Amino acid sequence: MYVVLGAAGNTGSVVAKALLDGSQKVRVVGRSKERLARFEILGAEAFAANLMDSGALTRAFTGARAVYSLLPPDHASTDYRAQQDKETNSISSALEAAGVTHVVALSSFGADKPAKTGPVAGLHAMEESFRQIPKLNALYLRAGYFMENTLPQVGIIKSFGMMAGPVRADLALPMIATRDIGAAAADALVKLDFTGHQTRELLGHKDLTYSQMAKIIGAAIGIPDLAYIQLPTEQVLQAMTQMGFSKNMATLMGEMSDALNSGYMHALEPRSQANTTPTLVEEFVHNVFVPAYKGQATSA
Ligand SMILES: NC(=O)c1ccc[n+]([C@@H]2O[C@H](COP(=O)([O-])OP(=O)(O)OC[C@H]3O[C@@H](n4cnc5c(N)ncnc54)[C@H](OP(=O)(O)O)[C@@H]3O)[C@@H](O)[C@H]2O)c1
């Protein structure tokens with residue numbers, strides 16, 4: 001039986017679905033049983049638990065062949081790094097108490113750095129914490145920059161006729177669709193072909209800049225001259241707090257953008273067949289971005 005944390009989310013839902021499609025027994029975990037109901041229909045066991053509740057997680061992990069683990073983002077958190085550390089401690093204690101032998105944990109490129117990378121520093125701390133667990137074999141999937149991070153551009157394009165953000169327009173990023181991360185995690189969970197503590201980068205189909213992304217999105221939504229403009233981090237922080245981010249979370253995102261822009265945060269592995277994943281950015285734009293853009297247009 002596999003336990004999938006964050007099963008209602010981007011990557012966890014793909015992991016759970018892939019395992020169920022492969023006729024594996026799956027226990028899906030999230031805070032709301034209702035949001036897990038779609039997996040129950042497919043044969044999964046739904047387990048409602050908060051990641052902060054180590055006792056509940058221990059019960060959820062008991063009997064697991066392996067666990068898919070992640071630290072969910074929380075845009076409203078007033079101290080997200082402390083929240084990440086509490087969740088890490090809770091998950092670590094539960095992995096140890098339940099005697100789990102294999103975990104596939106979602107991490108990020110840049111998690112080699114202990115600090116100055118915003119939320120990614122919490123993933124470094126998570127990896128370090130899991131390394132202390134006796135008898136645990138762990139695979140840290142250090143994913144690239146989510147293509148889904150471009151979805152807030154829907155509103156920006158609608159309001160200003162351009163794309164804008166804190167990341168350099170000419171910075172080539174390893175952009176990955178979250179479905180590719182879920183697929184890679186499910187594959188690793190089935191194979192369990194890792195021992196000790198291993199990192200594996202997942203770098204998407206190819207590196208891409210925001211300027212190139214704007215061209216692809218523009219062509220798909222009928223704005224062929226769509227441009228991307230880099231804004232000063234301070235201006236983006238203000239806009240993010242207006243969009244509902246806490247000041248703390250906006251500041252951490254700003255720190256991460258600065259780390260990307262300076263090159264401090266970067267992928268370590270040269271691109272290879274093993275770390276290149278299938279989804280083209282054009283497919284993501286067609287299947288995910290355009291429907292989101294049209295959905296907003298319809299409801300506006
Ligand atoms: N954005 C990027 O470019 C990027 C790149 C590399 C790595 N990452 C990392 O990827 C991770 C996010 O992965 P994701 O997108 O798959 O996650 P996600 O979809 O944002 O969230 C996963 C699920 O976790 C559940 N959850 C939230 N808080 C919870 C809590 N306190 N207790 C139990 N469950 C909780 C939520 O479901 P319920 O509401 O139903 O509980 C949510 O759907 C983060 O650690 C992020 O740092 C991001």
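This is a predicted model: local features need pLDDT of at least 70, side-chain atom pairs count only at pLDDT 80 or more; totals for chains, interfaces and linings use all residues.
1. Residues are numbered from 1 along each chain as its sequence is written, and side-chain values use heavy atoms, with hydrogens and water left out.

2. Who sits around the ligand? The shell has 25 residues, and Thr11, Arg31, Arg35, Leu71 and Asn149 come nearest (near means one heavy atom within 4 Å). By class the shell splits into 12 nonpolar, 10 polar and 3 charged (Ala, Val, Leu, Ile, Met, Phe, Trp, Tyr, Cys and Pro count as nonpolar, Asp, Glu, Lys and Arg as charged, the others, Gly among them, as polar).

3. On polar contacts (N or O pairs within 3.5 Å), Arg31 puts a polar side-chain atom 2.7 Å from a ligand oxygen, and Asn149 has one at 2.7 Å from a ligand oxygen too. The protein buries 85% of the 940 Å² that the ligand exposes when taken alone (Shrake-Rupley, 1.4 Å probe).

4. For secondary structure (DSSP runs: helices H or I, at least four residues; strands E, at least two), α1 (10-21), β5 (102-108) and β7 (145-146) each supply at least two shell residues. β5 gives the most, with 3.

5. There is 1 cavity of 30 Å³ or more (on a 1 Å grid over the protein atoms alone, points where a 1.4 Å probe fits but cannot get out; volume is the space filled by probe spheres set on the points). The largest holds about 40 Å³, and its lining is Met147, Met175, His205, Lys206, Leu208 and Val281 (an atom within 4 Å of a point).

Note on methods:
A polar contact is a pair of N or O atoms within 3.5 Å; within protein, one must be able to donate a hydrogen and the other to accept it, and residues adjacent in sequence count only if both atoms are side-chain atoms. On a 1 Å grid over the protein atoms alone, a cavity is a set of points where a 1.4 Å probe fits but cannot get out, and a pocket is an open set with protein on both sides within 12 Å along at least five of seven lines; lining residues have an atom within 4 Å of a point.
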